[in-house]
Amino acid sequence: MSPTFVGPGDRWRPKAAVDLVGSRLSKDLSCWHHAGVGESWLRLIPTDPSWTPTTPAQATAVTLLQGIAPCAEEIRAVSYDTTTFIDAGANFEAMSCPVCGHDVPAAWWAAKMQQGFETSFSDLAVEMACCRSVSSLNDIRYDWPQGFCRWALDARSPGRSKLTDAELAALAAGVGHELREVWARL
Ligand SMILES: [Zn+2]
């Protein structure tokens, strides 16, 4: 199941991804890269969408991620002027209500995303269509995970799979906030 995007579409893409061209060759044969099947990004975002780390913490986080994903083609920290949706791209398969677990209708979600986009996602609160619970666009259970942020720690073509709990905890400690792990396939 792939939700239909009727909103701003490509504008939700990671800004940096727009310019991406270049070699798909691995720097190291021990690294796996899915050559020819699209760009892969590991994007780590604070679980609180408005939270941003200090400059020294950002530098610490970049260094930590370089150690955790040494095969990555690029590691960097990105700050956004406004709250930005970090999507999983082609990995986005389904979503459900965080309160009652019901599937979230794609058209309802797209309309809420469009409204949010028009106000720079300044208010993420939503009344869920299924059970009328008040929740947040950020708290919808996305499969695969995605979310909103003002700051992200990125690895382009990380050359590895999901982080271990210990790795995620180490990065969170370095950044100074709990992190959500987003895997985007473009
Ligand atoms: Zn619900």
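A residue is termed buried if 20 or more other C-beta atoms lie within 10 Å of its own, and exposed if 12 or fewer do. The model discussed here is predicted.

Q: Which residues of α3 are buried?
A: In α3, Leu-171, Gly-174 and Val-175 are buried.

Q: What makes the buried residues of α3 line one face of the helix?
A: Viewed down the axis of α3, the buried residues fall within an arc of 95°, so they line one face. Asp-165 and Ala-166, on the other side of α3, are exposed.

Q: Against which elements do the buried residues of α3 pack?
A: They pack against β1, α1, β7 and β8.

Q: How do you know that the length of α1 agrees with its number of residues?
A: At 1.5 Å a residue, the 14 residues of α1 should span 20 Å, and the end C-alpha atoms are 20 Å apart; the two values therefore agree.

Q: Which residues of α1 are buried, and what makes them line one face of the helix?
A: The buried residues of α1 are Gln-58, Ala-61, Leu-65 and Ile-68. Seen down the axis of α1, these buried residues fall within an arc of 85°, so they line one face. The face turned away from the buried side carries the exposed residues Thr-55, Pro-56, Thr-63, Gln-66 and Gly-67.

Q: Where do the buried residues of α1 pack?
A: The buried residues of α1 pack against β2, β7 and α3. One of these buried residues is Leu-65. Not counting residues up to four places away in sequence, Leu-65 touches Ile-75, Leu-153, Ala-155 and Leu-171.

Q: Which residues touch the most other members of the largest nonpolar core?
A: The core has 34 residues, and those that touch the most other members are Leu-44, Ile-45, Leu-65, Ala-69, Ile-86, Ala-152 and Ala-155. The elements that give two or more residues to this core are β1, α1, β2, α2, β7, α3 and β8. With 6 residues, β7 gives the most to the core. In soluble globular proteins, nonpolar side chains tend to be buried together.

Q: Why is Ser-157 called buried?
A: Ser-157 has 25 other C-beta atoms within 10 Å. The cut-off for a buried residue is 20 or more, and Ser-157 therefore counts as buried. This residue is found in the loop between β7 and α3.

Q: Why is Arg-132 called exposed?
A: Arg-132 has 9 C-beta neighbours inside 10 Å. An exposed residue has 12 or fewer, so Arg-132 counts as exposed. Arg-132 is found in the loop between β4 and β5, and its phi, near 65°, is a positive value in a residue other than glycine.

Q: Why is Thr-54 called exposed?
A: Thr-54 has 10 other C-beta atoms within 10 Å. With the limit at 12 or fewer, Thr-54 is therefore exposed. Thr-54 has its place in the loop between β1 and α1. The C-alpha atoms of Thr-54 and Gly-176 are separated by 8.7 Å, although these residues are 122 residues apart along the chain. Gly-176 follows α3 and has a positive phi, near 100°.

Q: What makes the peptide bond from Asp-143 to Trp-144 cis?
A: The omega of this bond is near 0°. Trp-144 lies in the loop between β6 and β7.

Conventions. Residues are numbered from 1 along each chain as its sequence is written. This is a predicted model: local features need pLDDT of at least 70, side-chain atom pairs count only at pLDDT 80 or more; totals for chains, interfaces and linings use all residues. A nonpolar core is a set of buried Ala, Val, Leu, Ile, Met, Phe, Trp, Tyr and Cys residues joined through C-beta atoms within 7 Å. Helices (H or I, at least four residues) and strands (E, at least two) are DSSP runs, numbered from the N terminus. Two residues are in contact if their C-beta atoms, placed from the backbone, lie within 7 Å. The expected span of a helix is 1.5 Å times one less than its number of residues. The arc is that of the directions from the helix axis to the C-beta atoms.
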